[in-house]
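Thanks, everyone. Let me put the model up and then walk through it.

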Amino acid sequence: MENFHELLVRRHSIRKYTDEPIAAEDVKLILEAALLAPTSKSSRAWQFVAVDDPGMLERLAQCKPAGAMSVGRCKLAIVVAGDPTKSDPWIEDASVAAAFMQLQAEDLGLGSCWVQVRGRFTADGIPSEEYVQELLGMPDTMPVVCIMTFGHKDEQRRPVDTSKLLWERVHIGQWNPAQE
């Protein structure tokens, strides 16, 4: 990593991956990043299911009619779930862990993409969470937040142009209605 700011500027959602496998050590580092993520009151309410079987990835890609195609194309998907009985902000805790995985992947030169599951539905109207839980044998008490996809990038994205950041959405000291 050059520096953290450069990593942020460089990171984009990647939905196209090569056929090159991900090194086991890189998979470990991605999962370790999730386990290092901060949680409310150290509750660690998240759970992760790592999937690399191509057939299962194709089935997981059917969790919603649009926006999940990267699941079927990736080399590794990590399902991110949380336990609402362990922490009130379990969704936020799981989301931070997912973001940490994305940053670790970028640092390794890998692509990643967040695929929203919570609140979505399959083409048949089944809640996406239930579909994923059933496919992976997860308990229904462990709601799924998202599926994170990972792989070697098969598309190039330009770094973010920091001159186009939306600074007008930053309010200092108090809300400024003139910035709306």
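This is a predicted model: local features need pLDDT of at least 70, side-chain atom pairs count only at pLDDT 80 or more; totals for chains, interfaces and linings use all residues.

Salt bridges. The count comes to three. Start with R10 and E106, whose side chains meet at 3.0 Å, N to O. That pair links distant parts of the chain: R10 sits in helix α1, residues 4-10, and E106 in helix α5, residues 90-107. They are 96 residues apart. Now, is E106 buried or exposed? Buried, because its relative accessible area is 3%, and the cut-off for buried is under 20%. R10 is partly exposed, at 27%.

E106 has another partner. Its side chain also meets that of K153 in a salt bridge, 3.1 Å, N to O. Again, distant parts of the chain are linked: K153 lies in the segment after β4, 47 residues from E106. K153 is partly exposed, with a relative accessible area of 24%. Shared partners therefore join R10, E106 and K153 into one network.

Then there is K28 with E32, 3.2 Å, N to O. Both are in helix α2, residues 24-36. They are four residues apart, about one turn of the helix. Both count as partly exposed: K28 at 45%, E32 at 33%.

Next, aromatics. There is one aromatic pair by the rule used. W46 and F48 form it, with 5.3 Å centre to centre and 35° between the planes. Why tilted? Stacked needs planes under 30 degrees apart and edge-to-face needs over 60, so the rest count as tilted. W46 itself is buried, at 7% relative accessibility.

Over to T122. It is in the loop between β3, 110-116, and α6, 128-136. At 8% relative accessibility, T122 counts as buried. What does T122 contact, leaving aside neighbours within four places in sequence? Q62, C63, K64, P65, S128 and Y131.

Now the segment after β4. H171 lies there. Beyond neighbours within four places in sequence, H171 is in contact with N176 and Q179. A polar atom of the H171 side chain lies 3.1 Å from the backbone nitrogen of N176. For scale, H171 and S43 are 31 Å apart, C-alpha to C-alpha, and 128 residues apart in sequence.

Last, the surface. V160, L165, W167, V170 and I172 make a nonpolar patch of about 510 Å². V160 is placed in the segment after β4, 144-152. V160 counts as partly exposed, at 34% relative accessibility.

That's the tour. Over to you.

How values were computed. Residues are numbered from 1 along each chain as its sequence is written. Side-chain values use heavy atoms; hydrogens and water are left out. Rings of Phe, Tyr and Trp (its six-membered ring) pair if their centres lie within 6.5 Å; planes under 30 degrees apart count as stacked, over 60 as edge-to-face and the rest as tilted. Buried means under 20% relative accessible area, exposed over 50%, partly exposed in between (1.4 Å probe, protein chains only). Patches are made of residues with over 30% relative accessible area and no salt bridge: like charges are joined within 9 Å, nonpolar side chains (Val, Leu, Ile, Met, Phe, Trp, Tyr) within 5 Å. Accessible areas come from the Shrake-Rupley method with a 1.4 Å probe; for residues, only the protein chains shown count as cover. A salt bridge is a side-chain nitrogen of Lys or Arg within 4 Å of a carboxyl oxygen of Asp or Glu. Helices (H or I, at least four residues) and strands (E, at least two) are DSSP runs, numbered from the N terminus. Contact means heavy atoms within 4.5 Å. A polar contact is a pair of N or O atoms within 3.5 Å; within protein, one must be able to donate a hydrogen and the other to accept it, and residues adjacent in sequence count only if both atoms are side-chain atoms.
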